[in-house]
Amino acid sequence: MASQASIPKGTRDFSPIEVSKRNYIISTIQQHFKDFGFQPIETPTFENSDTLMGKYGDEGDRLIFKILNSGDFLKKVDTAVYEKKDSLRLSSSITEKALKYDLTVPFARYVVQHQNDIDFPFKRYQIQNVFRADRPQKGRFREFTQCDADVIGSDSLWQEVEFIQLYDAVFTSLNLKGVSIKINNRKILSGLAEVIGESDKLIDFTVALDKLDKIGEEGVKKEMLEKGISESAIENIKPIFNLKDDFETKINLLKSLLSHSKIGQKGIEELEFIQKALQELPLKTAKLDLDVTLARGLNYYTGAIFEISAPPNVKMGSIGGGGRYDDLTGIFGLKNMSGVGISFGLDRIYLVLEELNLFPKTVEETTKLLFINFGDEEALYALKAIQALRKNHIAAELYPDAAKMKKQMSYADKRSIPYVVLAGGREMQNQVYNLKNMATGEQSNCNLEKLMIHVSG
RNA sequence: GUGGAUGUAGCUCAGCUGGUUAGAGCACUGGUUUGUGGUACCAGGGGUCGUGGGUUCGAGCCCCAUCUUCCACCCCA
């Protein structure tokens with residue numbers, strides 16, 4: 001290998017076809033965002049470190065890419081910190097900026113900073129890349145694209161209903177069947193923790209519970225015991241380990257389980273509201289599924305929690321997620337702003353569509369006609385036709401060099417260009433173009449007008 | 001951050017217990033066809049075997065380190 005050209009681990013180059021396919025997904029999502037009344041914003045690729053640090057938990061902090069200060073950054077460092085090799089304190093003093101880790105926290109910062117210019121409730125969407133210093137694996141990258149839609153400034157549950165519809169609309173458009181929208185409510189999790197008398201261990205409790213489908217009932221029990229949750233407490237909530245029935249049966253079980261928890265009951269009420277609304281507004285493609293074990297790591301969720309699972313025949317983690325957060329902007333000083341939002345994981349949706357062969361053929365279409373170059377005089381003749389074609393938004397191009405016919409033809413073939421136009425001396429004399437259909441091999445002479453009709457049909 | 005696997009031509013991979021000049025298919029370039037691609041036939045170019053050390057008379061193969069990719073965990077889209 002002569003060159004050592006390479007890119008950092010967890011990042012990717014995208015070829016023309018890949019970009020076309022990504023754009024197909026992005027424009028689909030974007031169209032539905034607009035249809036639902038969301039407005040676009042963008043925020044910087046990097047933020048001040050303290051905007052991001054501490055917002056995603058310890059694990060999150062570890063995964064934030066920090067940007068080294070410019071200039072003689074060591075000069076300002078406390079000698080004691082430096083000599084002790086205290087990485088944590090050292091890094092906070094030499095990295096004042098960090099790459100954004102998700103779109104939600106920068107959005108919260110945006111809302112607080114621009115609160116006087118925003119009309120609430122504010123519905124925004126945002127499609128940008130985010131960065132995580134994670135170890136890459138399948139469907140997990142260090143730079144990836146998130147497509148977020150959030151509403152801030154309304155605690156109406158109709159928003160949750162609409163977001164579920166939005167998910168459904170997007171997956172319907174992408175022709176992706178078998179997606180399940182898993183829903184849960186933080187209040188139910190709080191209620192469960194309360195009922196078993198372990199409210200102070202809510203996080204440990206939910207993190208363990210979240211792993212049910214991965215490590216099984218015994219694994220979850222073991223982890224809960226390790227975290228200091230009592231055996232009798234686990235016994236109390238045992239029924240939720242085996243919830244396999246429909247939405248209503250699950251709700252009923254939760255009702256009896258949480259009859260003594262006010263907050264738990266509130267969570268049930270919210271779920272029922274959403275479910276009843278959706279019975280009147282049925283989903284087209286996706287399935288709504290109550291999953292009591294759904295917790296998600298982000299600790300700012302306070303109400304609904306969403307997670308989107310790829311169809312069961314595809315081996316892929318979640319392809320989207322979201323939820324309600326009552327006080328996200330509180331950390332930046334703006335109180336009483338309830339928000340709810342969802343995110344689409346573009347890169348994972350891409351992998352799922354690729355695996356299921358769901359990209360429409362049309363996304364790969366580029367140039368429709370290639371004009372063979374026979375020389376300067378002929379090229380000029382060709383370009384006159386090309387100019388007219390382009391004016392009608394028919395993509396056409398001239399092979400730049402008067403190369404051998406074979407070379408030009410195989411170039412068209414390799415690029416899957418459906419039509420080739422041969423216009424040499426003979427055609428010029430008769431003021432025609434020889435149009436060749438590359439799929440059928442058919443060839444005929446026609447004037448510019450007919451050429452256009454033929455190709456656009 | 002923890003544990004495991006991997007790396008040979010542009011791509012997918014062969015390469016025996018360490019032994020001459022490292023192979024195949026596909027792709028690429030040229031020709032059979034100087035106004036006709038996708039098929040066929042012929043010829044050709046291309047690898048300091050991920051990188052750096054070490055063991056050995058001799059290393060693609062053994063040892064160490066490092067990087068990449070992949071898998072599991074953690075976490076997550």
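Biologist: At what angle do helix α1 and helix α7 pack, and how far apart are their axes?

Modeller: About 140 degrees, with the axes 10 Å apart, for α1 (residues 16-35) and α7 (residues 158-173). Before you ask more: this is a predicted model, where local features need pLDDT of at least 70, side-chain atom pairs count only at pLDDT 80 or more, and totals for chains, interfaces and linings use all residues. Residues are numbered from 1 along each chain, chains are lettered from A and ligands numbered from 1 as written, and side-chain values use heavy atoms, with hydrogens and water left out.

Biologist: What makes these runs a helix or a strand?

Modeller: They're DSSP runs, H or I over at least four residues for helices and E over at least two for strands, numbered from the N terminus. The axes are lines fitted to C-alpha atoms, for helices over the stretch in contact, and angles run from 0 to 180 degrees between N-to-C directions.

Biologist: Which residues of α1 and α7 meet?

Modeller: Y24, T28, I29, H32 and F33 in α1 meet L166, A169, V170 and S173 in α7; contact here means heavy atoms within 4.5 Å. By class that gives six nonpolar, three polar and no charged residues. Nonpolar covers Ala, Val, Leu, Ile, Met, Phe, Trp, Tyr, Cys and Pro, charged covers Asp, Glu, Lys and Arg, and the others, Gly among them, are polar. The α1 and α7 crossing is right-handed, the word for a near helix turned clockwise from the far one by less than a right angle, with anticlockwise giving left-handed.

Biologist: Why are α8 and α9 called roughly perpendicular?

Modeller: α8 (residues 186-195) and α9 (residues 202-210) pack at about 110 degrees, with axes 10 Å apart. Perpendicular takes in 65 to 115 degrees, while under 35 is roughly parallel, over 145 roughly antiparallel and the rest oblique, so α8 and α9 are roughly perpendicular to each other. The crossing is right-handed too. R186, L189, S190, L192 and A193 of α8 make the contact with L202, I203, F205, T206 and L209 of α9, and these residues divide into seven nonpolar, two polar and one charged.

Biologist: What does α8 touch in the sheet?

Modeller: Strands β7 (180-185) and β9 (304-309), and the direction of α8 makes about 50 degrees with that of β7. That sheet is open and mixed, with eight strands in the order β1-β5-β6-β11-β10-β9-β7-β8.

Biologist: What makes β1 and β8 edge strands?

Modeller: β1 (39-40) and β8 (287-290) each pair on one side only. Two strands pair if DSSP finds at least two bridges between them. Further in, seven bridges join β6 (residues 143-152) to β11, running antiparallel, and V151 has V340 of β11 as its bridge partner. Helix α12 (residues 247-257) lies across β7 and β8, at about 20 degrees to β8.

Biologist: Why is one side of β13 and of β16 left without a neighbour?

Modeller: β13 (396-398) and β16 stand at the edges with a single partner strand each, so one side of each has no neighbour in the sheet. The order there is β13-β12-β14-β15-β16, five strands in an open, mixed sheet. Neighbouring strands are turned by 25 degrees against each other on average, direction ignored.

Biologist: How do you know that β15 and β16 pair?

Modeller: β15 (residues 433-437) and β16 (residues 443-446) share four bridges in the antiparallel sense. Y433 is bridged to C446 and L435 to S444. The hairpin has five residues between its strands, and G441 takes a positive phi near 85 degrees.

Biologist: Which residue other than glycine has a positive phi?

Modeller: N336, with phi near 55 degrees, in the loop between β10 (318-325) and β11 (339-345). Another backbone feature is a cis peptide bond joining F120 and P121, with omega about -5 degrees. P121 is in the loop between α6 (104-113) and β5 (122-131).

Biologist: What are the domains of chain A, and how do you know their bounds?

Modeller: Domain 1 is 16-45 + 101-355 and domain 2 is 365-456; the bounds come from an automatic or database domain assignment. Their C-alpha centres lie 52 Å apart.
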